[in-house]
Amino acid sequence: MSAPNAGDTAWVLVCAGLVLFMTPGLAAFYGGMVRTRNVLAMLQQNMIALGVVSLTWVLVGYTIAFGDDAGSGLFGNLELFGLADLKVPPAPNLHVVDGRITIPTLAFVLFQMMFAVITPALVTGATAGRLRFGGWVLFLAVWSVVVYAPIAHWLWHPGGWLAKFGTQDWAGGLVVHASAGAAVLAVLLVVGRRRDWPHTAAPPNSIPLTIVGAGILWFGWFGFNGGDGLQANGLAAQAVLNTHLAAAAAMLVWLALERVTDGHSTVVGAVSGAVAGLATVTPTAGYVNAASAVAIGALAGLVCHFALKLKYLLRLDDALDVLAVHFVGGMLGTLLLGLFGNRGVNPLGADGLFLGGGGGLLWRQLVGVVSVVAFSFVLTWLIAAGVQALIGLRVPPADQERLDQAQQGADAYHLGGVTSLTAPGAPRRRTAAAPAGEPAVPPGQRVRLVTALLEPDPAANSADLRDALLRAGAISVIVSDAAVATTTPQASLLPRGYWQDQPLSARLRVTVLVGADGVGAVLDELDRMGARRSDTFVQEAERISS
């Protein structure tokens, strides 16, 4: 047995770290697109997979996936339970490698662990706002062993029945994306829809957070696809290049389609297209050339964009379009390998239809898609239904819009329209503030309470707002957030081409205590700031002395 190759080992360990980084990237990608009060819950649902699945993988997942075949091609035996007796590097042809592979087995275990972690985490984007945390943890533990590990054995172990049949999956078009997508279908049948879906849309809380998450995913995908040959060589470089080119092509096609269909090319559309391209090229990355990767990415942008309508056709509340991006992308890429496969790129691959290989590879890819989707769907539904019956998987409807408080007793953000107002100032050392004295009111003076609604923009500077009202004679000024009903709902564009009619518009409520003789001047200042007299009220008030 040859000694482990230091360069190959280092590359695989780096790729393992890149794939690990994708899980918090996925958390940020999803976390930015959910409601403000569900952000922490979404982040935790993703991050907990690092804890749960890592342990299930070490205990039993790895031996089911990569232990010696039990004889049927369906799963491995349990001789490696708890990683017992690991002494040799991966066997020849294990996970699309050949006899030249010499890396420590533990490096392979770690690399594969990260795939097992991120796969079920993909489901959380579809079920946003509906998962009970305890039920989700139990689901993760069971699914990673019962569904993921056998599918990995089928395709990535030389004794797996699909591997022997000739179905190919470079980095997880079937093992990761198709299996997770089929799981989404099953879990959505169990947890159901959000309240009022599809009539009520859920605006994203932080598009910048989503973009940061997408960037992390793109970066991590270099390890996701680049490390699967388990060698630092030209094939790894080809896989990384293909990964990037497919994402770039899918991004541009998606943006063009957005421009034609919605009139805008959005940044969320850009990263959605990129992720679709990444998911689609995954099963092909180590088997096709660069030109084919561009074509695959372009097709991903086209097909996955139109697949956004899939959830409405199926009447499934897929909150963040996991079906369109990952499920459709994984299956599409798997089938496209049957067209673009090129043995000149990888001798362990096969020529597809466009390279003179006939339809044999395409047929084998189709069998793989049907088998993985059917297996994952049925087993996932049984697991999800069992968890729902045992401890509950779906949260109560009353908690759907407040998961952060219900599950964690905390909020992700503590900012509103008032605290976001600007004011002049410069960095300085903080000092203790002097106690604020009450404005003097001459004895016997009558006071009035003036309440008005302002557009946030004209009153954007808090110092100007305060000073103008004080000059007009205000005794005290209180500003709070408010929403006003509109006769014509305001249409706003949501991510991925969805629109929402918002019948309530954000306003600032300004409440001013002023002497009776200063009411006119205060009203004039409020008029100057855009307040409408029909939304302004003047009331008699009585100041309470302490």
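By a salt bridge I mean a side-chain nitrogen of Lys or Arg within 4 Å of a carboxyl oxygen of Asp or Glu. Keep that in mind for Asp-399 and Arg-402, which form one, with their closest N and O atoms 2.9 Å apart. Before I go on, a caution: what you have on screen is a predicted model.

Okay, the overall picture. The protein has 16 helices and 4 strands. Buried residues make up 52% of its 546 residues. And if you take the contacts with a separation of 6 or more, 78% of them are between residues 24 or more positions apart.

Back to the salt bridges, then. How many salt bridges does a search of the whole structure find? The search turns up 10.

Next, have a look at Arg-466 and Asp-467, whose side chains meet in a salt bridge at 2.8 Å, N to O. Arg-466 has 43% relative accessibility, so we call it partly exposed, and Asp-467, at 27%, counts as partly exposed too. While we're in this region, helix α15 covers residues 462-471, and its buried residues include Ala-463, Leu-465, Ala-468 and Leu-469. Just after α15 there's Gly-473, with a positive phi of about 115 degrees.

Further along, Glu-525 and Arg-528 also meet through their side chains in a salt bridge, 2.9 Å from N to O. Why are these two separated by about one helical turn? Because they sit 3 residues apart in helix α16, residues 519-528. Arg-528 counts as exposed, with 58% relative accessibility.

There's a network as well: salt bridges link Arg-130, Arg-194 and Asp-317.

Let's move to a helix pair. Helix α8, residues 234-262, and helix α9, residues 267-281, have axes that come within 7 Å and cross at roughly 140 degrees. That makes the two oblique to each other, since anything over 145 would have counted as roughly antiparallel. The crossing of α8 past α9 is right-handed. If you want to click through the contact, the α8 side includes Ala-246, Ala-250 and Trp-254, and the α9 side includes Gly-269, Gly-273 and Gly-277.

Now the strands. Is β1, residues 447-454, mostly buried or exposed? Well, 7 of its 8 residues are buried, so the rest of the structure largely encloses this strand. β1 pairs with strand β4, residues 537-541, in the antiparallel sense, over 5 bridges.

Arg-315 lies in the loop between α11, residues 310-314, and α12, residues 322-340. Arg-315 isn't a glycine, yet its phi is positive, about 60 degrees. Asp-321 is in the loop between α11 and α12 as well, and there phi is near 65 degrees, again positive in a residue other than glycine. What about their accessibility? Arg-315 is partly exposed, with a relative accessible area of 40%, whereas Asp-321 is buried, at 3%.

That's my tour, thanks.

Definitions and conventions
Residues numbered from 1 in each chain as written. Predicted model: local features only at pLDDT ≥ 70, side-chain atom pairs only at ≥ 80, totals over all residues. Heavy atoms only, no water. Buried < 20%, exposed > 50% of the residue type's maximum accessible area, 1.4 Å probe, protein only. Pairing = 2+ DSSP bridges. Axes fitted to C-alpha atoms, helices over the stretch in contact; angles between N-to-C directions. Parallel < 35°, antiparallel > 145°, perpendicular 65-115°, else oblique. Left-handed = near helix turned anticlockwise from the far one by under 90°. Contact = heavy atoms within 4.5 Å.
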